[in-house]
Amino acid sequence: MKESQGKTVYLRDYQPPAYLIDETHLVVRLFEDRTLVHARLAMRRNPDASPESGRELVLNGANMELQKLTVDGRELAANDYTVSGETLTVSKVPDKFTVECDTLIKPQENSTLEGLYKSRRMFCTQCEAEGFRKITYYLDRPDVLSSFTTRIEADKAKYPVLLSNGNNIDSGDLEDGRHFATWEDPFKKPSYLFALVAGDLESVDSSFTTCSGREVQLRIFVESKDLDKCDFAMGALKRSMRWDEEVYGREYDLDIFMIVAVDDFNMGAMENKGLNIFNSSCVLANPATSTDQAFQRIESIVGHEYFHNWSGNRVTCRDWFQLSLKEGFTVYRDSEFSADMGSRAVNRIEDVSMLRTVQFAEDAGPMAHSVRPESYMEISNFYTVTIYEKGAEVVRMQANLLGPELFRKGTDRYFDNFDGMAVTTEDFVSTMEEVSGLDLGQFRRWYSQAGTPKLECSGSYDAGAQTFTLTIRQSCPPTPGHPEKDPFYIPVRVGLLDEYGKPVSLHMAGREHGEDIVLHLAEPSQDFVFEKVASRPVPALLRGFSAPVRLSYPFARDDLMLLMQFEKDGFVRWEAAQQLALQVINDLMDSRQKGNKKEVDQRLVTAYESVLELALGDAGIDKAMVAHLLLLPTEAYLAEIAAEVDVDGIHEVREFLRRFLAEQLEMKFLAVYEACLSGADYVYTADESARRSLQNTVLNYLASLDKPEHWQRVRQQYERANNMTDSSAALRALVNNPSAGSAMMRDELLAHFYEKWQHETLVVEQWLLMQSAAMVPDNLPQVVKLMAHPAFDIRNPNKVRSVIGAFCFNNAVSFHKLDGTGYEFLADQVITLNGINPQIASRLLTPLTRWKKYGQERQSLMQQALRRILAAPDLSPDVYEVVSKSLN
Ligand code: TRP
Ligand code: ZN
């Protein structure tokens with residue numbers, strides 16, 4: 001067990017730093033077997049340091065060899081300082097002084113992909129959250145802001161391109177075929193935003209003229225083989241820059257903005273000042289190799305990282321408990337950007353669907369934490385959907401409560417007041433309070449209380465009084481360390497539809513409110529009385545998903561059909577379809593348990609039929625919305641809402657229902673499929689990707705029917721496709737609809753696909769993923785086989801996610817197989833990865849931590865696997881924290 005293992009950091013222990021670093025001057029000399037780092041730090045005592053903070057200087061540092069240390073030019077003797085664990089302590093320093101430090105590190109041996117490391121032939125860095133301390137001794141905390149100059153030296157032939165943050169101020173040749181480049185970043189920043197890249201890279205260059213007329217150079221650096229995949233990201237970057245000017249009044253500050261694509265990366269991308277580093281899968285794309293989904297993801301991540309320049313870099317976090325200050329706000333910003341670029345309704349549905357399956361599950365599990373956590377062992381474990389996605393919902397609620405003008409006034413003041421500072425979520429909320437005059441006192445509980453609030457609603461119509469009373473009761477289940485919850489302040493946007501689906505104009509407390517009202521739920525239970533309601537209405541609840549809650553209402557199936565047909569709000573409409581399907585699935589689960597014949601309520605068929613007819617009849621309809629209306633609740637969502645997950649029941653029933661709908665509506669599905677087909681050249685536009693998403697959704701229904709004629713259709717689509725979206729969808733239709741009759745075709749096309757794309761890493765990742773994630777029982781042998789394939793590499797996170805992750809997260813029937821082989825497999829992989837890349841090991845572990853949701857037999861097998869991991873030697877703090885907390 002490592003010394004740092006099991007140590008908990010608490011928000012309540014926060015102390016301002018005892019020392020500050022005004023200037024950081026780095027010289028990084030890269031060699032094949034080692035890297036030498038020289039750091040010169042201009043430091044002084046922090047005037048705001050708490051009086052009880054000691055006089056000693058404590059620097060963070062890990063995994064390196066200290067070669068020389070001087071203070072004000074005087075080399076320190078061994079007894080002037082101590083190195084222990086991850087700190088270096090100098091016992092006496094003056095009020096103002098210069099530290100110089102020489103260290104030796106071995107990036108070529110660094111498989112954690114944190115700090116300085118090698119990705120293929122390129123050197124690169126990842127410093128968030130605490131990676132800078134693996135490069136040199138430093139005050140590696142976000143509230144220490146410094147200016148940086150960085151001189152990089154390396155072999156010129158191997159590493160012709162040398163990059164760091166800010167502006168290139170000098171470069172030239174050195175002896176022995178080496179060269180150097182010096183970069184200066186004029187903006188003070190915390191160490192987590194530092195970046196360095198050295199490699200044999202080429203760039204696609206362009207420029208952007210800001211709102212004030214300044215020209216900014218834009219450069220995307222890639223290996224030469226990927227030069228044909230940069231155009232889309234470049235366009236997305238320009239759209240992001242324009243959008244941030246128009247919507248937030250934020251202009252880019254440096255004269256250059258660079259993006260570098262790397263193949264080995266733990267996360268999606270990183271917002272280093274002026275030098276964003278991206279996982280190649282989140283930046284490289286062209287129509288031949290990338291799906292519509294990939295384009296969409298790239299646009300949102302390019303936006304996300306760019307938006308961090310203000311929300312994160314110019315205004316940063318005081319400490320890592322404030323992580324959601326930058327991440328929640330920036331996710332909110334990127335999701336609004338995506339909504340403005342494409343279909344707002346569909347974007348919202350996709351965000352909500354992710355939040356409800358993944359974040360709600362996290363909030364109900366052993367790692368549940370609030371948007372501003374109180375403690376952590378390993379900060380890397382807190383880059384979670386709660387910090388990111390729930391954090392974004394909490395910002396969204398504030399934006400909605402204030403309205404567009406006041407929210408803009410609030411963000412203007414926030415950027416103004418806190419520019420160049422490291423602040424807290426409290427600073428954000430109080431700014432919103434200040435500009436609006438609203439009291440957000442109770443609202444702040446969204447930051448401090450974990451768990452997903454549950455709203456139980458009921459309605460009663462009084463024909464005599466012409467009133468409709470909506471009763472809402474709120475509660476929040478206990479989460480680790482927090483058994484009792486205070487009521488939340490919850491904005492619930494609602495409307496009423498009459499029996500013909502027409503919106504009812506709303507009257508409440510004698511006032512008229514139009515067709516839409518935000519109810520302010522603050523008490524454990526409240527009644528909301530609508531007046532002048534002429535007939536029994538159907539409520540449209542939680543429009544726009546106005547708060548991240550679980551809401552239930554005893555809807556009759558006919559009411560859900562009415563909402564599906566007439567409701568204007570995209571989320572409510574989609575949710576009605578999900579609820580209707582859910583009720584039918586519950587019927588089927590019941591019959592399955594009782595051993596009765598499975599009978600499907602015909603109303604679901606009718607509802608799907610009218611959706612398909614809509615797609616055929618109305619040329620202007622949003623086809624992506626239609627595609628979403630035709631998707632049954634996912635297995636992951638069905639598992640999330642179940643008290644105890646019946647893995648096999650869910651899979652069997654959902655598959656049965658999918659095929660049943662395909663049989664009943666075969667001709668309609670076919671008609672929609674044919675109407676969607678197009679021979680036009682590929683373009684990635686909202687309309688065209690919507691068309692393809694509907695086409696491929698119905699193709700998947702057709703492929704579920706055991707019919708040669710449909711397999712031929714799938715083959716035809718595969719062969720004729722002029723883009724990756726359509727060809728990979730055809731392959732997935734075969735993989736996810738296994739049948740003896742199509743097995744040969746599946747194997748043939750999978751082999752053909754690999755043959756054709758084997759030299760395109762990102763395509764190979766998709767090829768691996770679709771096979772690992774295939775929703776078929778007994779898929780583990782296939783996964784084991786893929787791990788032996790030459791394309792697999794356990795040191796590459798994308799490959800690990802495509803094969804191991806896809807299997808454990810997306811293939812419930814196989815992963816949860818009752819013989820425990822899935823759990824054993826994951827435990828083995830986590831133990832191996834713990835020694836290679838703890839961040840990836842820890843993330844992969846998630847499915848095992850949810851053991852409480854399963855039946856006795858699975859529970860004990862899952863716990864057994866967790867205990868085996870816990871007993872493994874040299875457990876990283878990352879894995880230790882997740883395993884130990886989930887066994888509690
Ligand atoms: N700040 C990055 C983002 O959200 C996240 C990130 C990138 C990260 N790489 C990381 C977090 C490594 C932890 C570890 O945009
Ligand atoms: Zn981010």
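The structure is a predicted model, in which local features need pLDDT of at least 70 and side-chain atom pairs count only at pLDDT 80 or more, while totals for chains, interfaces and linings use all residues. Residues are numbered from 1 along each chain as its sequence is written, chains are lettered from A and ligands numbered from 1 in the order in which they are written, and side-chain values use heavy atoms, with hydrogens and water left out.

**The five-stranded sheet**

- An open sheet of mixed pairing holds five strands in the order β17-β18-β19-β21-β20; strands (E, at least two residues) and helices (H or I, at least four) are DSSP runs, numbered from the N terminus, and two strands pair if DSSP finds at least two bridges between them.
- Strands β17 (202-209) and β20 (269-270) are at the edges with a single partner strand each, so one side of each lacks a neighbour in the sheet.
- Strand β18 (residues 215-222) runs parallel to strand β19 (residues 256-262), and five bridges join them.
- Ile220 stands opposite Ile259 in β19.
- Helix α1 (residues 231-248) lies across β17, β18 and β19, at about 25° to β17; angles run from 0 to 180 degrees between N-to-C directions of axes, which are lines fitted to C-alpha atoms, for helices over the stretch in contact.
- Helix α2 also packs on the sheet and touches β19, β20 and β21 (275-279), its direction making about 150° with that of β21; contact means heavy atoms within 4.5 Å.

**The zinc site**

- His304 (NE2), His308 (NE2), Glu327 (OE) and Glu327 (OE) coordinate the zinc ion (ligand 2) at 1.9 to 2.7 Å; donors are N, O and S atoms within 2.8 Å of the metal (3.2 Å for Na, K and Ca), and water is not among the atoms, so sites may look incomplete.
- Along the chain, the donors follow the spacing H-x3-H-x18-E.
- His304 belongs to helix α2 (residues 292-307) and Glu327 to helix α3 (residues 323-341), so the pair ties together parts 23 residues apart in sequence.
- Both His304 and Glu327 are buried, meaning under 20% relative accessible area, with exposed over 50% and partly exposed in between (1.4 Å probe, protein chains only).

**The three-stranded sheet**

- Three strands in the order β30-β27-β32 form an open, antiparallel sheet.
- Strands β30 (517-521) and β32 (538-541) are at its edges, each with a single partner strand, so one side of each is without a neighbour in the sheet.
- Four bridges join β27 (residues 490-497) to β32, and Leu496 has Pro539 in β32 as its bridge partner.
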